[in-house]
Amino acid sequence: VAFPATQVASADANTLDDYEEGTWTPVVGGAGGTSGQSYSAQIGRYTKIGSAVYCRFMVALTTLGTVSGNAEIQGLPFAINSSTSNRGGGGMTDWYLLNTAQAFLSLFPFESSSKAIVRGTVTANVSSSSRSSSIWGNATNLTGWVFYQV
């Protein structure tokens with residue numbers, strides 16, 4: 001299978017005419033503001049097939065900078081669609097050196113944006129909720145994934 005450098009959209013829904021792989025730069029941030037971070041690693045890869053995007057990432061902070069509001073992973077490679085019923089989801093597969101212990105962390109793509117809200121819980125078997133950016137620390141390391149529709 002080969003695809004042209006420029007997409008040639010087809011009216012046929014059963015024709016695979018949009019496939020792309022690439023890199024993106026994940027940012028550890030907050031809904032209220034994100035500035036002054038430095039990293040020892042910011043690795044992001046994505047695969048886009050039609051309107052479906054699968055992203056994976058690894059970040060290692062060395063300086064948190066100023067982050068406020070709810071915790072987010074920012075800088076997704078494509079804007080998430082505007083439908084609240086068709087966003088997708090994601091999760092953290094590994095995390096360490098957080099300021100607050102977490103039993104579970106998930107990612108919730110935020111419609112019409114390029115960010116995913118971090119949700120989680122500190123206790124097993126409790127409903128998850130948005131995490132405050134105060135969970136991030138100067139040496140936080142995260143590995144995760146997010147799947148969403150554009």
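**View 1. Lysine 48 sits over the face of phenylalanine 78, at 5.7 Å from the ring centre.** Sitting over a ring here means NZ of Lys or CZ of Arg within 6 Å of the ring centre and within 35 degrees of the ring normal. This is a predicted model, where local features need pLDDT of at least 70 and side-chain atom pairs pLDDT 80 or more, while totals for chains, interfaces and linings use all residues. Residues are numbered from 1 along each chain as its sequence is written, and side-chain values use heavy atoms, leaving out hydrogens and water.

**View 2. Three aromatic pairs turn up in the whole structure, and here is one of them, tyrosine 46 with phenylalanine 78.** The two rings are edge-to-face, 5.2 Å centre to centre with 90 degrees between the planes (pairs need centres within 6.5 Å; planes under 30 degrees apart are stacked, over 60 edge-to-face, the rest tilted). Tyrosine 46 is in strand E4 (residues 38–49), and phenylalanine 78, 32 residues apart from it, is in the loop between strands E7 (71–74) and E8 (88–96). Strands are DSSP runs (E) of at least two residues, numbered from the N terminus. Tyrosine 46 is buried, at 7% relative accessible area (buried means under 20%, exposed over 50%, partly exposed in between, with a 1.4 Å probe and protein chains only).

**View 3. Threonine 121 belongs to strand E10.** Threonine 121 is buried too, at 8% relative accessibility. Its side chain reaches the backbone oxygen of threonine 123 at 2.9 Å. Leaving out residues up to four places away in sequence, threonine 121 touches, among others, Phe104, Val126 and Arg131 (contact means heavy atoms within 4.5 Å).

Note on methods:
Phe/Tyr/Trp six-rings, centres within 6.5 Å; stacked < 30°, edge-to-face > 60°. Helix = DSSP H or I, 4+ residues; strand = E, 2+ residues; numbered from the N terminus. Polar contact = N/O pair within 3.5 Å; in protein donor to acceptor, adjacent residues only side chain to side chain.
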